[in-house]
Amino acid sequence: MKKSFILILVIVFILSGCQGNNSDNQDKNQKQSETLETLETSPALTSLTTVADLKKKYKEEEEKQYLTPMYNVNYNKVFTIKFNSNIYSTNAFPHSEHDLAELFTEDQVDRFNKSIVTVHTDARCLYESEVSTEEEVKDPDASQSVLTVSSYDPVLTSFDSTRDKEKSWGNAPIYYICIRYDLDAKTPTKLDNPIIIPFTIKSPLQSPNANYQIDAEGRYKLVWNKVKGAKKYNVYNVMSMHNEEKINGAEQGYKHTYPYLIGTVTDTEFQDFASDGDQGLLYVGDEPDDYQRKATIAQNRMVEGEYYVTAVDANGNESNFSPTVSTFNLSKTLITGMKELHELYYLGFQTIDDLPKKIKLSTIDEATTLDRDIIYENHIEYDNDGFALIPYKVKGTAISGTTLVYIFDEQKWSNFIHNQDISDHSGGGLVEPENVMEYAPDSSIVDNSNNNSDDLIERQKEYTREQLDEGNKENVPQTETANDYKINADSALEEYLALNIIAANKKISLKAFPEALNIDVLVDTLQKVRYQNPLVLDIKNYGFDYKTSTLNIGYSESKDNITKKQKEIMKEAHNIILQIITNDMSDDEKRQAIYDYLNDHAKYDDAALKNAEKNNYKTIDKEFDDSFTTYGIMVKKVGVCGSYAATYKLLSDLVGLDSIVVSGYLGGVPHAWNKVGINGKWYNVDSTNNGTNSGVPYLLYNSDDETAEDLEFVFDKTYWTDEGLKQFVSEDNSLDYYKKKGLEINSPTEYKNILLKFLKGNDKTLIVRLNDDISEDDAIQVVQEVYNKSPIIKLENAIIRELLRYHIWEE
């Protein structure tokens, strides 16, 4: 039926375009034609046939900056670096007693800036991530210097780990040698950008690829892949009480970071953070002499700081630490329990009318308070005194129990249950493809631990040149769909990945991109490409083959089907733009037209969300695949947040509007939305939670980050490369929809005046947003005061709903 309707619309449009006597139609068609001509598309790739051509487009010279990684070197490896000049003559080394004395008082940043070679735990090679090393020039008078670099103080050490050894590099997942002087110049020449050589330390077993999951009840859990040869897994924590103090991670060289063992398991998941066997939950009422009713009053106990996982074999040999799993970005969203002892579980209520509908909860930072709905179950029992025992559960949590109602009225209870809102208003449902990459290759594939020769880096330079020569000759895929759309990329690597994935290629050679052989860089870049290019569809998983330097992508659809979907997406996108956009529109009008179109013509896929929730937002059943990609909202007109955000970006891209897709959480549920660029500033827009889906039009529209966070939006870092995230910080709230409309309430008096005006007027609906200065008690007091001054009929007929910080009044 929907297909027929769309066909009729297209026919009507064509027929109306043939009516030469209608001047309005002629004007409209002219504007739409002009709009089509201005759609943003990629330049044809006819001349960009090889990777080398693509690099020229970006004027890149990656081969001078990055060498291929050295995997599985010995734990105490001393690196030898040969220069074609005498680098001992530079001011990096003391040449007199006076110079030597100054070393002890020299500013450390000044010392760093003079360094010949530094070693880091972060690929950007900044001062903050430097680790302590010893450097020695073998023959200070030689015209060609030979510099050795060894570890002075190992990083990320633990008293509980069997891996700690003196003179070792430590337990970081990966390190970076940064050579700051030209290796080939005949005189010491400082480079504008360092040559970067990643290396990993050989481990008896593969390091687990650890991550976290948050289930439908908002409970946090560590998960990782099964490691070959592992009999058990150790879980380590670096504690930060309530996440108040930031932990020094890779970007800070892991300084003063000492993980301690909190648990050992044989499975590939861990949730017992409080080490009491209750998997992070807190129960009351279990003891026979406990006067309290049974209840679960807390969750995510002792979840804080950062975590690492190691694999241990039957002989007790332990792997390197996994990459860091941090909780800091979840500080304001991971619920721990009730803000205060609540009468729900230790007292009771006189009547059904007294039952609370919301409860205040704390998060792991102990400073954030979130309101959550209480859902009562229609399963009544009676205690020995004849009082009604009513089961309850706090929505989106494991917090639950039974409460008492002393005077129970069956009819009131029936009405109460019937009117209870149990729907999910999060509008979330973001599902990531499975990452099956190993952080470093098994030593059976690449093993540098027994190579004690001085030419390891020289051989790495030669190997990199060979790889580059081969990789630069490889062809760049060209598809009709990609040529119809401007690829979102800021580097040759990003465009190369985007073109390959849009072409649904399963194997992508990375020989031409040494920097991508570092898994940190590869995953970071791949995530950005996936989020910011709406024609990337149906990725199921991704992994890396160290033997062939190949990125492997698994898709849930065939190449032909993906191409077919992409063509349908682009066709519908152009049709939509013809319907809603004209050249005489301002950019603001175009943004609103796109937002309004999604509100009026698409709807949220609740069934897809439930399916994702069932699978802890890690996988989805195939029937719901489209609801998580651009195809869902653009073509089928049904989808979840990821589909809305991708569709919003694609339409914005095609009409020349700046936008990006943003990822994070909303109400504890994985979520995606957009940021839009307006006059050099960035603003949040959530097209998913619009009037149709949430009941609140423009819930988040041209808002700053603070407003978004007040509404429980939590940002993560997966949607962009780490070094570029700062450019999208949103600090200006002057364009926020509710602020501009005068519907953001800053005081009880302001709320009272707006409410009185509404009740005395003819409007049927009022939606306002309360800022943090107005408490729930203040709002209740305002309603009580207004009740005494307003036309009783209109007030009695009014329905009041709450969503986040919004109050919705409807007559």
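Trainee: Let's pick one pair. Which residue in β15 does Asn237 stand opposite?
Mentor: Asn237 faces Tyr307 in β15. Keep in mind that this is a predicted model.

Trainee: Which strands does that pair belong to, and how many bridges are there?
Mentor: Strand β10, residues 232-238, pairs with strand β15, residues 306-312. They run antiparallel and share seven bridges.

Trainee: What holds strands together in general?
Mentor: Strands of a sheet pair through backbone hydrogen bonds, and the pairing can be parallel or antiparallel.

Trainee: Back to this one. What order do the strands of that sheet come in?
Mentor: The order is β11-β10-β15-β16. That makes four strands in an open sheet, with antiparallel pairing.

Trainee: Which ones are the edge strands?
Mentor: β11 (260-265) and β16 (325-326). Each of them pairs on one side only.

Trainee: What sits in the loop between β10 and β11?
Mentor: His256 is in that loop. Its phi is positive, about 60 degrees, even though His256 is not a glycine.

Trainee: Is His256 buried or exposed?
Mentor: His256 counts as exposed, because its relative accessibility is 68%. The cut-off for exposed is over 50%.

Trainee: Where else is there a positive phi near 60 degrees?
Mentor: Look at Ala504, which is not a glycine either. Ala504 lies in the loop between α10 (492-502) and β25 (507-509).

Trainee: Buried or exposed, that Ala504?
Mentor: Buried, because Ala504 has a relative accessibility of 6%. Buried means under 20%.

Trainee: New topic. How much of the protein chain is buried?
Mentor: 54% of its 811 residues count as buried. The chain has 22 helices and 38 strands.

Trainee: What about contacts along the chain?
Mentor: Take contacts between residues at least 6 apart in sequence. Of those, 68% join residues at least 24 apart.

Trainee: Show me a strand. How many residues of β6 are buried?
Mentor: Seven of the seven residues of β6 (residues 175-181) are buried, so the strand is largely enclosed by the rest of the structure.

Trainee: What does β6 pair with?
Mentor: β6 pairs with strand β3 (residues 117-120) over four bridges, antiparallel. β6 also pairs with strand β7 (residues 190-201), antiparallel, over six bridges.

Trainee: Which residues face Ile177?
Mentor: Val119 stands opposite Ile177. In β7, the bridge partner of Ile177 is Ile197.

Trainee: What about the loop between β5 and β6?
Mentor: Asn171 is there, between β5 (146-151) and β6. Asn171 counts as buried because its relative accessibility is 1%.

Trainee: How far is Asn171 from Tyr75?
Mentor: Their C-alpha atoms are separated by 9.1 Å. Along the chain, Asn171 and Tyr75 are 96 residues apart.

Trainee: Now helices. At what angle do α12 and α16 pack?
Mentor: About 65 degrees, with the axes 10 Å apart. α12 covers residues 559-580 and α16 covers residues 641-654. Their crossing is right-handed.

Trainee: Which residues make the contact?
Mentor: From α12, Ile569, Met570, Ala573, Ile576 and Ile577. From α16, Leu650, Leu651 and Leu654. By class, that is eight nonpolar, no polar and no charged residues.

Trainee: One last pair. How do α20 and α21 cross?
Mentor: The axes of α20 (residues 748-760) and α21 (residues 776-787) come within 10 Å and cross at roughly 40 degrees. Therefore α20 is oblique to α21. The crossing is right-handed.

Trainee: What classes of residue are in the contact of α20 with α21?
Mentor: The α20 side includes Lys752 and Leu755, and the α21 side includes Asp778 and Val782. The contact has eight nonpolar, no polar and three charged residues.

Methods:
Residues are numbered from 1 along each chain as its sequence is written. This is a predicted model: local features need pLDDT of at least 70, side-chain atom pairs count only at pLDDT 80 or more; totals for chains, interfaces and linings use all residues. Side-chain values use heavy atoms; hydrogens and water are left out. Two strands pair if DSSP finds at least two bridges between them. Helices (H or I, at least four residues) and strands (E, at least two) are DSSP runs, numbered from the N terminus. Buried means under 20% relative accessible area, exposed over 50%, partly exposed in between (1.4 Å probe, protein chains only). Axes are lines fitted to C-alpha atoms, for helices over the stretch in contact, and angles run from 0 to 180 degrees between N-to-C directions. Angles under 35 degrees count as roughly parallel, over 145 as roughly antiparallel, 65 to 115 as roughly perpendicular and the rest as oblique. A crossing is left-handed if the near helix is turned anticlockwise from the far one by less than a right angle, and right-handed if clockwise. Contact means heavy atoms within 4.5 Å. Ala, Val, Leu, Ile, Met, Phe, Trp, Tyr, Cys and Pro count as nonpolar, Asp, Glu, Lys and Arg as charged, and the others, Gly among them, as polar.
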